[in-house]
Each structure stands twice: as C-alpha cells, then as structure tokens.
Amino acid sequence: MNTAQRLIVIVLFEGVDLLDVTGPPEVFSLVRRETGDATGYRVVLAAEGLEPVTTAAGVRILPDLTFDQAAEGGIDTLLVPGSVEVDAERRVRALTDPAVVEHIRRLAPRARRVASVCVGAHLLAAAGLLDGRRATTHWSTAGQLAAEYPRIEVDADPIFIRDGGVWTGAGISACLDLSLALVAEDFGEELALRVARQLVMYLKRPSGQSQFSVPLEPVSATRRIEELRHHIRRHLSGRLTVPDLAAHAHVSERQLIRIFKTELGTTPSAYIESARVELARHRLESTDDTLERVATACGFGTTDTLVRAFRRRLDTTPTDYRQRFRTVAPVTPPAAGR
C-alpha cells in the first residue's frame, strides 16, 4: 500500500443529492478500518464558499475547503455528485449549474481520475469531460443525457462504466458500487471484497436492469469455515473436491457438507462454482485473456464448463458478459510489418 493518502475531492453545491455525497466516504473510510493503516484516502468536500450547503434531503453539509483552494494542489480523485428536479407530472430532469460546471472543468485537469455519481454524469458532460466516451447515469435521465450530448455513448444498463480516467455510475446507491470499484483499482479486489462484506453488499452489484453478479457470501461464525473459504479462493485454479476440502479441514465429508449448509446455506460444490464464476467475471471485465485461459485460471478446466456455469449462475454467456461489462479497452493487434 502506498505511504501517502489519496486525496478525494467531492464537489458540493446547493440541492445536491445527499447519498451521492455521504455514501462514497463511508466506503473509503473502511479501507483504513480493514487495513489498520493510516494510509488510504483523505476525503474533503469542496464548494463555492465555506458556508453550509443544503442538500436535496434538507440536510446541511459543511464544506472543508473552497473550489479555489482545491485547485491549488493535486487531486487523486474528483468525485462529482448530481441533483435533479421533478415536475408536476413526476418527470425527472438532471440539473446542471453553469457555475458548478465551470469549477469542475477547472478542477478536472488537476485530478488523476474523475468520477460521477448518479446524475453527476450530466455535470461531467456539460464540462466536456465525456465527449467521445461511453458513460452511464441514472436510468431516469439517460434519455436526457443522450439527447443533450450526442457525442457521448450513453449506456444506462451497467452499474458503472470506466472509460480511461473517467468513471460514471448509475443510480443513487450505486455510489457504493462505484466507490468499491475505485478501491479495487487502487488496492486490489481482495480489500474491496473485505470492505463490501462490512457494508453487507455485493462486491459489484448489478443495476435493476443488469442482474449479472454473484452475491457476497455471508460472514461465517466459525474460524474453520473462514479458513476453508480463504483456502478455496487461493486455490480456485486447482483441484477442489469435497474429499480434498474435508481432508484440509480435518473433518469427514459428511461433516463438511453439514458445515457449509449450516454456515453458508449452500453446498461445497455450489460455493466453489460461485467463487470461480466471480473470479471469471473479474478476468472477463479487466483482461483480454481468451476464454480458454479464463477457464483454466479459474479452475473450470474447459470452455464448455465455463459457459455452462455462466448460464447456470448468470443466465448469460462469458462472451456476452465481457462485451457488456469489460472495463479495459480491447487490445489492438500491431499492424503488419511493425
């Protein structure tokens, strides 16, 4: 882990959605709690002035510094929440204050990465930060975003999208999913998973439109099952049979099955398959590995076994999953003669 804290600046303005502002810091604060290390993140709230800002929920928040002060130094992550208005016919429309947009445009070049929460994508779009990029936002304003900014490839399906150094998140509670993804990029999937367990949520929760995720297993009450789960995760590419696990735990096969049923509400084989699917999801999202390499690395052995597991667990194929949720750009083969 790095010795210096990563500075996260959250943009504040009148009428901002409260959860967009308060959700991400909860995730980032758990990094320190899980590691016991003073390094990690330092979160500050920036606004036009230092007077309290009233959120859409009516709760007032006190900024830590002004936009001008935030612009004086380097920023690791600029996090942009959003706000909406609802008309008499209950139609939702994202709001973009030109003054806030200008501050975002000025702060963005000072940041290593920029991320929007929910309808905060509209502010990034107004600042020109999403031109030529693929982006998402809350499903209720996706049509507005696409109509007002035709240079953006709007996809309301994924829970979040990363396009280069710009991240966009969908929904309101999706701020937690997006924050976990940022933690995973900075400190690894294992720490992000531990933080997600503390939040009692999915590691990468799908939106209501994309039910593509394996939920986190419940926390076990016994050390024995916890050690077994860690053993499984460390050896997913290898041989993991019920007899092997029973021998590792120094219990009978019948007792092992009973422990999994009581502690996790599933069977050892079903648990192993779900863990392998979760690992395969990550590799499909973040690497250009062939399906054969993914199947081998995740312990499925063959591509057919991988495909059957995906159909059984996620009702899709690995290929379709990768096309929808990959977070890395495909590798372009070098031109002939180079």
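Modeller: Two strands pair if DSSP finds at least two bridges between them. Strands (E, at least two residues) and helices (H or I, at least four) are DSSP runs, numbered from the N terminus. Take Ile161: its bridge partner in β13 is Thr168.

Colleague: What makes β12 and β13 a pair?

Modeller: Four bridges join β12 to β13, and the two strands run antiparallel. At least two are needed, so the pair stands. The two strands form a hairpin with two residues between them, where Gly164 takes a positive phi near 65°.

Colleague: What are the ground rules here?

Modeller: This is a predicted model, with residues numbered from 1 along each chain as its sequence is written. Local features need pLDDT of at least 70 and side-chain atom pairs 80 or more, while totals for chains, interfaces and linings use all residues, and side-chain values use heavy atoms, without hydrogens or water.

Colleague: How do you know which parts of the model to read with care?

Modeller: By pLDDT, the predictor's confidence in each residue, from 0 to 100. The protein chain averages 85, and 88% of the residues score at least 70. Over residues 203-215, however, pLDDT is below 50. That stretch still has 47 contacts (heavy atoms within 4.5 Å) beyond near neighbours in sequence. Residues 331-338 also stay under 50, and there the model has one contact beyond four places in sequence. Where pLDDT is low, the predicted coordinates should not be read in detail.

Colleague: Which strands make up the open sheet, and in what order?

Modeller: Seven strands, in the order β5-β2-β1-β6-β9-β13-β12, with mixed pairing. The protein chain as a whole has 14 helices and 13 strands.

Colleague: Why are β5 and β12 called edge strands?

Modeller: β5 (65-66) and β12 (160-163) each have a single partner strand, so one side of each is left without a neighbour in the sheet.

Colleague: How do you know that β1 pairs with β2?

Modeller: Six bridges join β1 (residues 6-11) to β2 (residues 41-47), running parallel. Within that pair, Val9 stands opposite Val44.

Colleague: Why is Cys118 called buried?

Modeller: Buried means under 20% relative accessible area, exposed over 50%, partly exposed in between (1.4 Å probe, protein chains only). Cys118 is at 3%, so it counts as buried. Cys118 is in the loop between β9 and α4 (120-126). Its phi is positive, about 55°, although it is not a glycine. Most residues other than glycine have a negative phi.

Colleague: What makes His250 exposed?

Modeller: Its relative accessible area is 72%, over the 50% limit, so His250 is exposed. His250 sits in the loop between α9 (242-249) and α10 (253-264). Its phi is also positive, about 60°.

Colleague: And why is Pro243 called partly exposed?

Modeller: Pro243, in helix α9, has 41% relative accessibility.

Colleague: Which way do the β13 residues point?

Modeller: Val166 and Thr168 point one way, Trp167 and Gly169 the other, and all are buried. Of the 338 residues of the protein chain, 49% count as buried.

Colleague: What makes a set of residues a nonpolar core?

Modeller: Its members are buried Ala, Val, Leu, Ile, Met, Phe, Trp, Tyr and Cys residues joined through side-chain atoms within 4.5 Å. The largest core has 67 residues, and Val9, Leu78, Ile104 and Val183 are among those with the most contacts inside it. Helix α6 (residues 174-187) gives the largest share, nine residues. Leaving aside neighbours within four places in sequence, Val183 contacts residues including Val27, Phe28, Tyr41 and Leu191. A second, separate core has 16 residues, including Ile225, Leu245 and Ile259.
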